[in-house]
Amino acid sequence: MVEARSAYDGLTEADKSLVENYITLVSAEEQIVLLETEFASTQVVIDMIANLPVVEELLLSNRTDVQSARDAFDLLSESAKVNVTGYSKLQALEAKIAELANEADLAVEGVWNTIDALPALEALVLDNAEA
């Protein structure tokens, strides 16, 4: 394509007007730009996933990073998605985040219930301090 562009650009204006398939060159160049952009976007997603922790080291605080990788993946075209390596890692991390979030919700609920079980302020006595 570079050769075709160079050859075309080397023509005089009069000769350029005789090149009836010039639009084919322009379309091919535009397609290359799209493919390069898609490749770069795919690489960004691959890098995002690669930089996430392994499942065994995942913390609930990693939720935003995992969601960002998912959002970036979802923005890719279908043809780009198939080129993303590490997608199964992303899926495993999402499942683990859901599990961790559920555990955190249960812990919060337990604390909530413990606080709710405290006596009313009027009924508090020093013995309640250990409760």
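Is the crossing of α3 and α4 left-handed or right-handed? I find that α3 and α4 cross in a left-handed way (the near helix is turned anticlockwise from the far one by less than a right angle; clockwise would be right-handed).

A note on sources: this is a predicted model, where local features need pLDDT of at least 70, side-chain atom pairs count only at pLDDT 80 or more, and totals for chains, interfaces and linings use all residues. Residues are numbered from 1 along each chain as its sequence is written, and side-chain values use heavy atoms, with hydrogens and water left out.

Next I looked up the geometry. The axes of α3 (residues 22-50) and α4 (residues 63-75) come within 9 Å and cross at roughly 160°. The two helices are therefore roughly antiparallel (angles over 145 degrees).

I then listed the contacts (heavy atoms within 4.5 Å). From α3, V45, M48 and I49 meet S68, A69, A72 and F73 of α4. By class, I see six nonpolar residues, one polar and no charged ones.

On to the rings, which pair if their centres lie within 6.5 Å and count as stacked with planes under 30 degrees apart. I get two aromatic pairs. Y8 and Y22 are stacked, at 4.2 Å centre to centre and 25° between the planes. Y8 lies in α1 (residues 2-9) and Y22 in α3, so this pair ties together parts 14 residues apart in sequence.

F73 and Y87 are stacked too, with centres 4.4 Å apart and planes at 20°. F73 is buried at 6% relative accessible area (buried means under 20%).

Definitions and conventions: Axes are lines fitted to C-alpha atoms, for helices over the stretch in contact, and angles run from 0 to 180 degrees between N-to-C directions. Helices (H or I, at least four residues) and strands (E, at least two) are DSSP runs, numbered from the N terminus. Angles under 35 degrees count as roughly parallel, over 145 as roughly antiparallel, 65 to 115 as roughly perpendicular and the rest as oblique. Ala, Val, Leu, Ile, Met, Phe, Trp, Tyr, Cys and Pro count as nonpolar, Asp, Glu, Lys and Arg as charged, and the others, Gly among them, as polar. Rings of Phe, Tyr and Trp (its six-membered ring) pair if their centres lie within 6.5 Å; planes under 30 degrees apart count as stacked, over 60 as edge-to-face and the rest as tilted. Buried means under 20% relative accessible area, exposed over 50%, partly exposed in between (1.4 Å probe, protein chains only).
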